[in-house]
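Subject: Structure handover, with notes on the ligand site and some contacts

Hello,

Please find the structure below. My notes on it follow.

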Amino acid sequence: MQRNLILLGPPGAGKGTQAQRLATRWGIPQVSTGDMLREARRAGTDLGKQVASVMDSGGLVSDDLVIALVAERLDREDARKGVILDGFPRTLAQAKALDALLLRMGRTPVQAVAIEVPEQLLIARLSGRRTCPGCGASYHVEFTPPHSDGVCDRCGSPLVQRDDDRAEAIAHRLEVYARDTAPLIDYYEPRGALRRIDGVGELDAVLDRITKSLDVQRDQ
Ligand code: AP5
């Protein structure tokens, strides 16, 4: 069965964390537009240079750029069995473009899971997040710390804080989410393609809620 899943939710909801775990469990790729854009910046490509300042401020990259990135990614061989989209779509224009793209490619329509977390906890998660520039692993100084302080468990690289995890950028990202991305819930929910789950709790408990909500969706 092909599965095209969107993880929706505000910054810090745990989309990336859970997308990685689902990707491992189901053997399909995690497609994170945030990771793809950060990779372009690390590689110093024209795209990377173009998006750097808007990303650091917590704003959104233009729809055209991210839609083109996702279209190219979905066309690759490993995406034929399905994908877990994390951080895309983020605007109504992106959601409509994704529907059109999947239809044109003859793929299964999307299912969406909205991960809900109170704002104070989102801020605590984002300000304590540390990421590995070597392998992309993500930690939290308090909630999911690495075994050795400031060092990646997987590859031994020193961990860093994302520029957009500074206080001013976090505030702006939350505003942008409320204005541009939260309305997607009303786009997917009326057609029965969205489930809301509580994103507070142990990582395994949240994962379990996601998979159970999808079973309910499939049975209906
Ligand atoms: P992106 O990388 O997508 O950032 P985001 O949506 O703001 O999401 P985050 O990565 O901050 O949060 P998350 O929900 O993945 O949480 P995580 O699992 O890491 O985008 C970055 C930027 O790129 C955007 O601002 C924009 O500029 C641009 N961009 C990307 N896509 C775009 C698009 N489609 N259109 C336009 N622009 C785009 O968890 C957070 C922390 O909490 C971690 O430390 C984690 O360890 C911890 N944690 C997670 N779950 C739990 C739990 N259950 N208990 C305790 N701690 C937890």
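To begin with the ligand: one of its oxygen atoms is 2.5 Å from a polar side-chain atom of Arg173. I use polar contact for a pair of N or O atoms within 3.5 Å; within protein, one atom must be able to donate a hydrogen and the other to accept it, and residues adjacent in sequence count only if both atoms are side-chain atoms. The protein covers 95% of the 1,000 Å² of accessible area that the ligand has on its own (Shrake-Rupley method, 1.4 Å probe; for residues, only the protein chains shown count as cover).

Some housekeeping. The model is predicted, and local features need pLDDT of at least 70, side-chain atom pairs count only at pLDDT 80 or more, while totals for chains, interfaces and linings use all residues. Residues are numbered from 1 along each chain as its sequence is written, and side-chain values use heavy atoms, with hydrogens and water left out.

Ligand site

Arg162 also has a polar side-chain atom placed 3.2 Å from an oxygen atom of the ligand. On the nitrogen side, an N or O atom in the side chain of Gln94 is 3.0 Å from a nitrogen atom of the ligand.

The ligand is surrounded by 36 residues, of which Thr17, Gly59, Arg90, Arg129 and Arg173 are the closest; a residue is near if one of its heavy atoms lies within 4 Å. By type, the shell holds 14 nonpolar, 14 polar and eight charged residues. Here Ala, Val, Leu, Ile, Met, Phe, Trp, Tyr, Cys and Pro count as nonpolar, Asp, Glu, Lys and Arg as charged, and the others, Gly among them, as polar.

Which elements each supply at least two residues of the shell? They are helix H1 (15-26), helix H2 (33-43), helix H6 (119-127), strand E6 (138-140) and helix H9 (203-219). H2 gives the most, with four residues. Helices (H or I, at least four residues) and strands (E, at least two) are DSSP runs, numbered from the N terminus.

Aromatic rings and charges

A pair of aromatic rings is described by the distance of the centres and the angle of the planes. Rings of Phe, Tyr and Trp (its six-membered ring) pair if their centres lie within 6.5 Å; planes under 30 degrees apart count as stacked, over 60 as edge-to-face and the rest as tilted. The count by this rule is one aromatic pair. Its members are Tyr187 and Tyr188, edge-to-face, at 5.0 Å centre to centre and with 75° between the planes.

Tyr188 counts as buried because its relative accessibility is 0%, whereas Tyr187, at 21%, counts as partly exposed. The cut-offs are under 20% relative accessible area for buried, over 50% for exposed and in between for partly exposed (1.4 Å probe, protein chains only).

Arg191 lies over the face of Tyr187, 4.7 Å from the ring centre. Arg3 does likewise over the face of Trp26, at 4.1 Å from the ring centre. A charge sits over a ring if NZ of Lys or CZ of Arg is within 6 Å of the ring centre and within 35 degrees of the ring normal.

Backbone and individual residues

Phe88 and Pro89 are joined by a cis peptide bond, with omega about -5°. Pro89 belongs to the loop between strand E3 (82-86) and helix H5 (92-105).

Asn4 sits in strand E1 (residues 3-8) and is buried, at 2% relative accessibility. Between Asn4 and Gly82 there are 78 residues in sequence but 5.0 Å in space, C-alpha to C-alpha.

Tyr139 is part of strand E6 and is buried, with a relative accessible area of 9%. Tyr139 and Thr17 are 122 residues apart in sequence, and their C-alpha atoms are 9.3 Å apart in space.

Arg166 is in the loop between E6 and helix H7 (167-181), and at 33% relative accessibility Arg166 counts as partly exposed. The side chain of Arg166 makes a polar contact with the side chain of Glu168 at 2.8 Å, and the side chain of Arg166 also reaches the backbone oxygen of Asp56 at 3.4 Å. Arg166 and Ala19 are 147 residues apart along the chain, with 23 Å between their C-alpha atoms.

Regards
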